[in-house]
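Biologist: Could you bring the model up, so that we can go through it together?

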Amino acid sequence: RNTFCLVCQGPPVWHKNYPVAQGNRQSPIDIIPHQTSHDPGLGPITLNYDQCTSINITNNGHSVVVEFEDPDDRSVILGGPLDNPYRLKQFHFHWGGKGCHGSEHTVSGNSYASELHLVHWNAVKYKTFGEAATAPDGLAVLGIFLETGDDHRWLHMITDALYMVKFKGSVTDFKAFNPKCLLPSSLHYWTYLGSLTTPPLHESVIWIVLKEPIIVSEKQVHVFRMLLFTGEEEDERIRMENNFRPPQPLKGRKVRSSN
Ligand SMILES: Cc1c(Cl)c([N+](=O)[O-])nn1CC(=O)Nc1ccc(S(N)(=O)=O)cc1
Ligand SMILES: [Zn+2]
């Protein structure tokens with residue numbers, strides 16, 4: 001691993017530069033369904049993505065990220081545990097190595113092949129994503145599990161683009177992609193207060209994790225593993241895999257269930 005890059009040295013090292021790594025609302029967590037509290041006051045979530053404007057897809061050396069224009073409330077998540085609409089900023093994935101699982105959240109100790117994160121920020125209360133990213137109610141991340149089975153008919157649009165961003169630091173246009181096509185049929189969810197799962201690990205995320213996974217093929221997940229942690233100019237070529245943080249202590253937090 002690139003010894004200079006702290007993130008690349010993995011979770012056990014992070015607390016040295018980011019003491020919040022051992023904080024009271026760290027993510028991900030293991031979700032134990034029968035220990036979650038069903039809260040009838042928790043309404044459904046709504047995803048208004050129809051006017052969303054994707055810009056590009058990037059290999060940032062830790063994951064592959066699709067960025068969105070966020071000048072107004074053209075694509076937001078609202079309802080559920082959220083007091084305001086939160087604007088879609090980007091989405092990215094976490095995955096494992098061959099055969100090993102790669103989701104960040106686990107359910108009763110079980111992990112999925114991969115996990116998709118749709119990152120939103122509270123533009124009602126905060127002026128910029130950066131400001132929101134350090135506020136306790138600044139971000140809302142929608143987590144969707146990817147389970148292996150049949151081919152996902154729309155994920156091809158993402159995996160086909162991955163060949164263009166193999167190396168760390170590469171970016172390519174990725175317009176007019178609506179992530180609504182990556183949602184499962186049910187929007188039932190678990191929600192809890194947590195953090196970013198990579199440095200700076202800010203404790204600013206209201207997590208909304210969908211109960212129903214989407215089904216993608218092993219072949220499609222394998223395309224993600226063709227990406228590299230390393231840049232084109234580096235001698236070493238290190239496959240991008242296992243870019244997930246393991247579950248963190250719950251520290252007394254309550255996980256609520258939509259129903
Ligand atoms: C911290 C920050 C700021 Cl501030 C900005 N910015 O543009 O102002 N960008 N980033 C980077 C970022 O977003 N990281 C991030 C890390 C983990 C996750 S995860 N897995 O979903 O918890 C979501 C995002
Ligand atoms: Zn993530």
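Biologist: Where is Gln26 found?

Modeller: Gln26 is found in the loop between helix α1 (11–17) and strand β1, where helices (H or I, at least four residues) and strands (E, at least two) are DSSP runs, numbered from the N terminus. Please keep in mind that this is a predicted model, in which local features need pLDDT of at least 70 and side-chain atom pairs count only at pLDDT 80 or more, while totals for chains, interfaces and linings use all residues. Residues are numbered from 1 along each chain as its sequence is written, chains are lettered from A and ligands numbered from 1 in the order in which they are written, and side-chain values use heavy atoms, with hydrogens and water left out.

Biologist: OK, and is Gln26 buried or exposed?

Modeller: Gln26 counts as buried because its relative accessibility is 1%; buried means under 20% relative accessible area, exposed means over 50%, and partly exposed is in between (1.4 Å probe, protein chains only).

Biologist: What does the side chain of Gln26 reach, then?

Modeller: The side chain of Gln26 reaches the backbone oxygen of Leu201 at 3.3 Å, and it also makes a polar contact with the side chain of Arg245, at 2.7 Å. A polar contact is a pair of N or O atoms within 3.5 Å; within protein, one must be able to donate a hydrogen and the other to accept it, and residues adjacent in sequence count only if both atoms are side-chain atoms. Leaving aside neighbours within four places in sequence, Gln26 is in contact (heavy atoms within 4.5 Å) with residues including Val20, Ser195, Glu203 and Arg253.

Biologist: You mentioned Leu201; what is its phi?

Modeller: Leu201 has a positive phi of about 60° although it is not a glycine. Leu201 is found in the loop between β12 and β13, and it counts as buried because its relative accessibility is 0%.

Biologist: And where is the place of Ser195?

Modeller: Ser195 is in the loop between β12 and β13, and with a relative accessible area of 0% it is buried. Leaving aside its neighbours within four places in sequence, Ser195 is in contact with several residues, among them Gln26, Leu201, Trp207 and Arg245.

Biologist: Which two residues does the cis peptide bond with omega about 15° join?

Modeller: That bond joins Pro199 and Pro200, and Pro200 lies in the loop between β12 (189–194) and β13 (205–210). The peptide bond from Ser27 to Pro28 is cis too, with omega near 0°, and the place of Pro28 is in the loop between α1 and β1.

Biologist: Let's change topic: which residues coordinate the zinc ion, ligand 2?

Modeller: The zinc ion (ligand 2) is coordinated at 2.0 Å by His92 through NE2, His94 through NE2 and His117 through ND1. Donors are N, O and S atoms within 2.8 Å of the metal (3.2 Å for Na, K and Ca), and water is not among the atoms, so sites may look incomplete. Along the chain, the donors of the zinc ion follow the spacing H-x1-H-x22-H. The pair of His94, in strand β7 (residues 86–95), and His117, in strand β9 (residues 114–121), links distant parts of the chain, 23 residues apart. His94 is buried, and so is His117.

Biologist: How many residues surround ligand 1?

Modeller: There are 16 residues around ligand 1, and the closest are His92, His94, Leu196, Thr197 and Thr198; a residue counts as near if one of its heavy atoms lies within 4 Å of the molecule. A polar side-chain atom of His94 lies 3.3 Å from a nitrogen atom of ligand 1, one of His117 lies 3.4 Å from a nitrogen atom of this ligand, and one of Thr197 lies 2.8 Å from a nitrogen atom of it. The protein covers 71% of the 540 Å² of accessible area that ligand 1 has on its own, and such areas come from the Shrake-Rupley method with a 1.4 Å probe; for residues, only the protein chains shown count as cover.
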